[in-house]
Amino acid sequence: MAEGVRRGGARRHDADAAARGDPAHDPAIRAAIDHAALAGTLDPLIVIDSKGTVLIASDSCGRVLGWPPDDLIGQNVGVLMPEPHRSAHDGYLEAYARTGRTSILGQPRELEAVRRDGERIPIELSVSKITAPDGSPLFVGLIRDLTHAKRLERELRLVKDLAVGVGGATSLKEAFESVLAGVALTTGLDYGEAWLPIDQGPEMACCASWLRPGVDLDGFIHASPEPGWQSEHGLIGRVLATGLPMWFDDLGQEPACFRRGIAMRLGLGAACAVPVLNTGRPVAVLLFFVREPCPQDREMLELVATVAAPLATLMERKRAETQLQEELGAMTRLHELVHRLVHQTDIAAALGDVLDASIALTGAAMGDVQLLDRDTGVSTIAAHRGFGATGPERFRAVKAGDGTPCSLVIEDGDRVVIEDVKADPRFGHKAKAAAAGFQAVQSTPLIASGGALLGVLTTHFPQVHRPPDRELRILDLYARQAADFIENHYSSREKLESYRHALEHIVETRNVQLNRAQDQLRMAERLAAIGTLAAGLGHDMNNVLLPVRAHVNALKALTARDASMLAHAEEVSTSVAYLQQLADGLHYLSMDPQASNGDAGPTDLARWWTQVGPLLEKACARNVSLGATFDQDCPPVAMAPHRLTQAVLNLVVNAGEAIRSLDDGDRRPGRIRVSSRSMDGKIRLRVADNGCGMNERVQRRAFDMFYTTKPRGMGTGLGLALVHKLATDVGGTVGLRSRPGRGSAIEMLLPAARWIRQGNGIRVRLALPAGRVRTLLEQLFEDAGARFVRAADRADVWVTPAASLDNPDLRRWRERQPLGRLVVVARRTDTNGAACAELAPVAIADEDDFEALRSAVTRSMNDQSEPE
């Protein structure tokens with residue numbers, strides 16, 4: 001091949017080499033090598049000239065395309081192309097020769113080729129251009145047969161699609177039809193059936209079928225065996241017996257095929273069957289037919305086995321769903337039975353209800369319930385269903401040794417199942433059974449709670465039968481209900497009396513619990529009301545006390561020279577300060593410790609104690625003293641005042657109750673001490689008492705939610721848990737030390753809040769006209785530790801009315817103090833929104849709202865304090 005396309009210079013070089021005796025360049029040897037290369041090429045290789053004439057063809061053209069090389073050489077390459085490319089190919093070559101443009105060179109393309117016998121096959125074609133020695137173009141085409149790859153691609157897509165389809169099928173029939181259609185359409189089969197054993201027995205039934213559109217096989221389909229067909233021959237029988245797929249490549253040679261005759265008349269030539277396996281055991285068979293005889297296709301059998309595999313899982317799922325539905329129905333009947341028995345007083349009617357449910361469960365034709373007389377040992381029928389007029393009389397009274405299932409139960413106390421009364425030697429009344437119309441029977445004992453036999457529940461079946469274990473387990477539940485009813489019936493008065501006493505006890509207990517719950521509810525309502533009252537009272541007291549304090553300060557200034565008047569003013573000031581402490585304490589107590597609050601800044605312990613100490617003292621009993629000791633240099637605590645108040649209040653209340661829990665002989669004076677100590681950036685806040693203390697078991701669970709040692713109604717078990725949460729929320733910890741009889745100490749280790757600039761260093765400019773609002777704000781800022789300045793450039797906080805936001809001095813101050821805090825006071829009628837928003841102030845929307853004034857002062861002061 002290489003010789004035919006080399007240039008002349010190369011030929012001369014080869015000739016010279018051959019003349020020198022080099023065998024690698026001998027023309028005969030090179031020709032042999034070229035021929036061997038063409039013969040060994042797996043994919044067809046074809047060389048054509050500019051007219052489309054085949055010049056060279058590899059031996060693989062015969063195997064893939066059906067054209068031996070000698071027959072293909074000299075032909076136009078169009079013989080390998082389907083229309084319209086066959087007719088247009090010469091035009092493609094002329095256009096390329098004229099323009100030099102083509103889209104096929106150097107790029108593999110998927111096309112179809114036509115074999116010599118006319119069959120179309122998918123190929124991948126790669127074309128390259130070479131130049132002949134005379135300068136003319138030659139085209140080399142490499143053809144790769146994609147038939148197997150395309151088939152594999154279709155089969156993989158089929159496996160994926162059917163796996164999804166089977167998984168989402170709502171019924172076995174739908175799943176089998178999907179598999180039959182998918183396999184047949186992919187592999188070219190004409191007809192498919194799915195066969196399943198009936199009740200996992202030897203009988204078979206066709207559950208689904210599929211017929212290729214346009215194929216007439218009605219006669220063959222109508223000739224299919226009826227459900228219940230049994231056969232050990234043919235494809236289905238062999239596959240079930242071996243668990244292996246089988247293939248009949250020519251139905252005419254298989255006389256064992258049960259529909260061979262009609263299959264031949266209708267033109268069916270071959271068949272195959274594939275098992276659906278579950279843990280290696282065939283649970284179904286897929287059967288396919290094709291019109292033409294064909295040899296066994298192992299790949300197709302493997303494909304069918306692969307796509308059929310999910311059907312086993314689906315069958316198990318459907319079987320489990322069916323079993324679950326049956327059990328659900330049985331349990332529903334049990335629930336209905338229990339409901340009926342609860343309201344039933346007639347024993348015959350009650351046992352008839354149990355018998356009806358048992359017959360429905362087992363599918364029996366008849367049944368009876370017999371009651372055992374413990375004195376005589378004779379069992380008599382109390383209820384029966386399904387017998388003729390004289391049927392029950394034959395078994396009206398039974399005793400041990402009578403040769404009936406009921407008598408066997410009386411003898412042994414165990415369930416008896418006779419699958420075939422004709423074949424079982426234990427049953428001695430075969431003629432009576434035939435006359436009554438049953439061939440199988442089961443008898444279940446009715447056992448009292450103490451183990452005594454009360455009676456027998458029997459169901460009869462018209463054919464040879466053994467109830468599955470699942471039904472027998474549920475039947476035991478029905479028998480349990482019947483036994484309970486019989487036992488209750490025998491001891492009704494005793495039971496009723498016992499139930500009455502039990503009910504009275506339950507009612508009495510529920511009344512006590514209800515009364516306690518009502519007491520707790522009333523206490524909770526009282527506490528809620530007190531909290532609401534405290535919040536309102538603290539608010540109103542602040543509204544009143546602040547202007548009073550302002551006026552008292554003014555009065556003290558006016559009476560500074562009159563000692564007598566000044567003393568009176570000082571007394572009034574002291575009383576007002578005490579009332580202010582009470583109001584602040586009520587404010588902290590009324591706030592929710594769990595809720596987020598604007599007033600969430602650090603807490604100065606000494607100042608905080610002056611506010612809440614008087615109220616906490618009120619929470620202690622008369623014989624309990626409450627004291628506090630705080631380090632003088634103790635920094636503020638990084639916890640909001642209201643949260644700290646709630647935590648310490650819980651600890652003080654718990655300490656007081658621990659003191660009250662001391663024995664009468666140990667009535668020492670109660671003592672509660674609150675103390676603080678600064679420790680390396682932390683503050684240890686300790687609440688200690690001399691109460692009853694806790695043992696180790698109580699200490700281990702002291703901080704558990706809802707754990708309490710207090711009597712019911714006296715505690716909720718939330719106090720110490722709340723203290724623990726409040727401490728951990730700010731990054732602190734809580735510890736406990738206690739000794740029984742010596743007292744307890746709860747220690748909260750809380751982070752300290754250190755500040756670059758303390759509150760008393762914050763400078764405030766009050767640019768407000770004289771009046772009530774200015775007086776109130778002066779008092780609030782003064783209480784917060786601020787000092788007032790007149791120089792605008794030195795202020796950290798600027799307070800101005802909304803009407804003065806255009807003040808040039810204010811603008812210049814904002815430029816010099818970008819971190820300063822602006823507080824804007826407005827009445828509800830004032831509007832200056834745009835300017836206000838631009839300056840990012842703390843806004844007081846209503847100057848008549850005291851809480852708004854107080855919150856604004858707190859926020860402006862907190863914003864000026866930055867943590868180190």
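In which helix does Ile-506 lie?

Modeller: This is a predicted model. Ile-506 lies in helix α16, which covers residues 492-558. Its relative accessibility is 42%. Buried would need under 20%, and exposed over 50%. Ile-506 therefore counts as partly exposed. Ile-506 also contributes to a nonpolar surface patch. Leu-503 and Val-507 make up that patch together with Ile-506. The patch area is about 260 Å².

Next, a helix pair. Helix α12 spans residues 347-362, and helix α15 spans residues 469-490. The two pack at an angle of about 180 degrees. Angles over 145 degrees count as roughly antiparallel, so α12 is roughly antiparallel to α15. Their axes are 10 Å apart. On the α12 side, the residues that meet α15 are Ile-347, Ala-350, Leu-351, Val-354, Ala-357, Ser-358, Leu-361 and Thr-362. On the α15 side, they meet Glu-471, Ile-474, Leu-475, Tyr-478, Ala-482, Phe-485, Ile-486 and His-489.

Now the whole chain. It has 868 residues, and 41% of them count as buried. The secondary structure comes to 25 helices and 26 strands. Take the contacts with a separation of 6 or more: 60% of them join residues 24 or more positions apart. The accessible surface of the chain is about 45,800 Å². Carbon and sulfur atoms hold 53% of that surface.

Terms used: Residues numbered from 1 in each chain as written. Predicted model: local features only at pLDDT ≥ 70, side-chain atom pairs only at ≥ 80, totals over all residues. Heavy atoms only, no water. Patch = residues over 30% accessible without salt bridge, like charges linked within 9 Å, V, L, I, M, F, W, Y side chains within 5 Å. Areas by Shrake-Rupley, 256 points an atom, 1.4 Å probe, with all protein chains shown as cover. Salt bridge = Lys/Arg side-chain N within 4 Å of Asp/Glu carboxyl O. Helix = DSSP H or I, 4+ residues; strand = E, 2+ residues; numbered from the N terminus. Buried < 20%, exposed > 50% of the residue type's maximum accessible area, 1.4 Å probe, protein only. Axes fitted to C-alpha atoms, helices over the stretch in contact; angles between N-to-C directions. Parallel < 35°, antiparallel > 145°, perpendicular 65-115°, else oblique. Contact = heavy atoms within 4.5 Å.
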